[in-house]
Amino acid sequence: MRINAVRITVFYLLITVLMGLLMRTLAIHPIAWLDYSNVLHAHSHVAILGWAYMGLFLLIVKLFLPGKTTN
């Protein structure tokens, strides 16, 4: 389960990076049908709620929950 959660976290990070690149591109070459403020708003939500929250959650789980013990 932990590997899938890490993959999801990295996927959200990739989406965040791509949206950041899109925002940089919109500053140079504006697209008429794409509003910069909407992309900025979506970028911040994906960054915080997507990969940052999941990464922090995985870190807390790893640090504070005991792992499997073998006898």
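Let's start with contacts: of those in the protein with a separation of 6 or more, 64% are between residues 24 or more positions apart. Keep in mind that what you're looking at is a predicted model.

**The overall build**

What does the secondary structure come to? The protein has 2 helices and 0 strands. Its radius of gyration is 17 Å, while the globule rule gives 11 Å for 71 residues, so the protein is more spread out than a compact globule. You can see this from another angle by drawing a box around the C-alpha atoms along the principal axes: the box is roughly 65 × 15 × 15 Å.

Now for the surface. The protein's accessible surface comes to about 6000 Å², and 72% of that belongs to carbon and sulfur atoms. Of the 71 residues, 21% are buried.

**A nonpolar patch on the outside**

Which residues form a nonpolar patch on the surface? They are I8, F11, Y12, L13, L14, V17, L18, L21 and W51, and together they have about 810 Å² of accessible area. Helix α1, which covers residues 2-28, gives the most to this patch, with 8 residues.

One of the patch members is V17, a residue of helix α1. Is V17 buried, partly exposed or exposed? Its relative accessible area is 42%, so V17 counts as partly exposed.

**Two pairs of rings**

Next, the aromatic side chains. A pair of aromatic rings is described by the distance of the centres and the angle of the planes. How many aromatic pairs does a search of the whole structure find? It finds 2, and here they are:

| Aromatic pair | Centre to centre | Angle between planes | Kind |
|---|---|---|---|
| F11 and Y12 | 6.5 Å | 50 degrees | tilted |
| Y53 and F57 | 6.4 Å | 20 degrees | stacked |

Why is the Y53 and F57 pair called stacked? Planes under 30 degrees apart count as stacked, and the planes of Y53 and F57 are 20 degrees apart. The F11 and Y12 planes have 50 degrees between them, and that pair is tilted.

There's also a helix story here. Y53 and F57 both lie in helix α2 (residues 36-64), and they are 4 residues apart, about one turn of the helix. F57 is partly exposed, at 41% relative accessibility.

**Stops along helix α2**

Is H43 buried or exposed? With 18% relative accessibility, H43 counts as buried, because the cut-off for buried is under 20%. Leaving out residues up to four places away in sequence, H43 touches T16, M19, G20 and M23.

V46 is in helix α2 as well. Which residues does V46 touch, not counting residues up to four places away in sequence? The answer is Y12, I15, T16, M19 and W51. V46 and D35 are 11 residues apart along the chain, and 17 Å separates their C-alpha atoms.

Another residue of helix α2 is I48. With a relative accessible area of 56%, I48 is exposed. I48 and T16 are 32 residues apart in sequence, and their C-alpha atoms are 9.5 Å apart in space.

Then there's G50, also in helix α2. G50 has a relative accessible area of 2%, so it is buried. Beyond residues up to four places away in sequence, G50 touches Y12 and H45. The C-alpha atoms of G50 and V10 are separated by 9.4 Å, although these residues are 40 residues apart along the chain.

**Back to helix α1**

Our last stop is L26, in helix α1. L26 is buried, with a relative accessible area of 8%. What does L26 touch, not counting residues up to four places away in sequence? Its contacts are I31, L34, Y36 and V39. L26 and I60 are 34 residues apart in sequence, and from C-alpha to C-alpha they are 37 Å apart in space.

How values were computed. Residues numbered from 1 in each chain as written. Predicted model: local features only at pLDDT ≥ 70, side-chain atom pairs only at ≥ 80, totals over all residues. Heavy atoms only, no water. Patch = residues over 30% accessible without salt bridge, like charges linked within 9 Å, V, L, I, M, F, W, Y side chains within 5 Å. Areas by Shrake-Rupley, 256 points an atom, 1.4 Å probe, with all protein chains shown as cover. Salt bridge = Lys/Arg side-chain N within 4 Å of Asp/Glu carboxyl O. Buried < 20%, exposed > 50% of the residue type's maximum accessible area, 1.4 Å probe, protein only. Phe/Tyr/Trp six-rings, centres within 6.5 Å; stacked < 30°, edge-to-face > 60°. Contact = heavy atoms within 4.5 Å. Rg over C-alpha atoms; globule rule 2.2 N^0.38 Å.
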